[in-house]
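I opened my notebook to look up a few things in this model. I wanted to know how its chains meet and how they are built.

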Amino acid sequence: MDDFLAMGGYATYVWSSYAIFVVGLLIDYLAPRWRNRRIISELHGRFARQKKKTETAT
Amino acid sequence: MTPTRKRRLIMIGAILIAAAAATTLIVLALQQNMTYLFTPSEILAGKVPDGARFRIGGMVKQGSVERGQSLTVAFVVTDGDGDMRVEYNGILPDLFRDNQSVIATGSMQGNHFLATEVLAKHDENYVPRDVAEAMSKAHRKHDVPVEADKPTP
Amino acid sequence: MNTLSLWFHKFGSPPTFYRLSRLLCPWLFAAACLIGAVGLYAGLVLAPADYQQSDAYRIIFIHVPCAWMSLFAYIFMAANAFIAVVWRIKISEILAMTSAPVGAMFTAVTLLTGAIWGKPMWGTWWTWDARLTSELVLLFLYLGVIGLYSAIEDRRQAARAASFLGLIGIVNVPIVHFSVNWWNTLHQGSTVRLLGPSRIDASMLWPLLLMALATHIWFFASVLARSRTSVLEQESGKEWVREIVQAQGVRHG
């Protein structure tokens, strides 16, 4: 196991590359989810306001 | 296809062809100035202006590496046709060894090259250690010259 | 209208696109993660060490798939940009614009892991050779497309302007690919070739191909996930969006 983690003396280089890869994918996965959530709640609010307006008008 | 779309298609096509042509011309023009490195025989042929800082590229000649005091090292870079002695004082990359492609930056000093940086170029071959050993053994057995650069079959 | 464009119009209709991508996304992400996990295990544990570079070469299993994706994403973006500029199909505009950030991410990872690989092997983090420089230009092209898209107010006009920029940038793609053949570079030539034998042992090649497959699937998953949100945003006046938002908004609060 220690041998595996040591990566033949190149541990810092190999593991930091893999870390960058994983972080990159994680950001790529989360960013659109956050945006999706934000936009849905935004639209939800807007539609709710519109509904209220039409109800009070009638 | 409607006429407007056809017009747009022709426009985009023309612009793309123009961009491609322009890039090709730029690339061809740069070809002369974009010399990343010179080989020893090019230097011996006098293609490098005097006193210029440039890069030399080639293989480390087998058995030519002389290590001096502390980090001083001298070796011969060859491209098969010409040899050039390179002197360097600094840390060498891990891949530096006999028959390895190297690229050194520096300038000519007399008839040898004084390097300020030495980089190792690795080839595009990836071979497990035991396979590489078995291959070089087989090569030696059949009197094939052993080279680190031999492509994997 | 022929059957192909008829099919395109059906798939390209925003509500169908939204439902389909919502259905596909989780499966694509799961497949990418699963295949990627097998690929990483194979690359880090099963594949033997290289004869020259020992274990440092294992960076190849992420560097090379990401580098392939940086070009693949650009070609996908440019193809959609072409349709967007000529036919002005909304979905193509959206697909072109959402593939830019994913491609930029892969390009950035390629450059960073390449630098980390270059330090121990070549002896330098960076050099201005043709391959490294053209890959950096590729990143700037992606950033230019993203920047232009966010700089213009009207979403559709912004998409078409940025598409146009991306379309012209396609000339850089062959330069990145062939730079190692056209010029003397510090970067080595291509290892995996479509024509002729690859210059990598089979025990190292299959983890690499698995990783390439995983990143391709990931790309499509991410582009669909992003496009779904953009469709919702741009169609916000439509009735079908209202229905979806009201069904989902309750859950999200």
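**Entry 1: domains of chain B.** I began with the spacing of two domains. The centres of domain 1 and domain 2 of chain B, taken over C-alpha atoms, are 42 Å apart. I then looked up their bounds. The domain assignment puts domain 1 of chain B at residues 1-34 and domain 2 at 40-121. I noted that this is a predicted model.

**Entry 2: which chains touch.** I went through the chain pairs next. There are 2 pairs of chains in contact, and chains B and C share the most contacts. What about chain A and chain B? They do not touch, and their nearest C-alpha atoms are 11 Å apart.

**Entry 3: where C meets B.** How many residues does each chain bring to this contact? I found 34 residues from chain C and 33 residues from chain B. Helix 3 of chain C gives the most, with 4 residues. I also sorted this side of chain C by residue type. It holds 19 nonpolar, 11 polar and 4 charged residues.

**Entry 4: chain C as a whole.** I turned to the build of chain C. It has 9 helices and 0 strands. Read from the N terminus on, its elements run α-α-α-α-α-α-α-α-α. The C-alpha trace of chain C spans about 65 × 40 × 35 Å along its principal axes. Of the 253 residues in chain C, 48% are buried. I then checked the contacts in chain C with a separation of 6 or more. Residues 24 or more positions apart account for 77% of them.

**Entry 5: helix 7 of chain C.** I picked one helix to study. Which residues of helix 7 (residues 172-182) of chain C are buried? I found C:Ile175, C:Val176 and C:Ser179. Down the axis of helix 7 of chain C, the buried residues fall within an arc of 100 degrees, so they line one face of the helix. An α-helix has 3.6 residues a turn, so residues three or four places apart point the same way. What do the buried residues of helix 7 of chain C pack against? I traced them to helix 3 and helix 5 (130-151) of chain C.

How values were computed. Residues numbered from 1 in each chain as written. Chains lettered and ligands numbered in written order. Predicted model: local features only at pLDDT ≥ 70, side-chain atom pairs only at ≥ 80, totals over all residues. Contact = placed C-beta atoms within 7 Å. Helix = DSSP H or I, 4+ residues; strand = E, 2+ residues; numbered from the N terminus. Nonpolar A, V, L, I, M, F, W, Y, C, P; charged D, E, K, R; others polar. Domains from an automatic or database assignment. Buried ≥ 20, exposed ≤ 12 C-beta atoms within 10 Å, placed from the backbone. Arc of directions from axis to C-beta.
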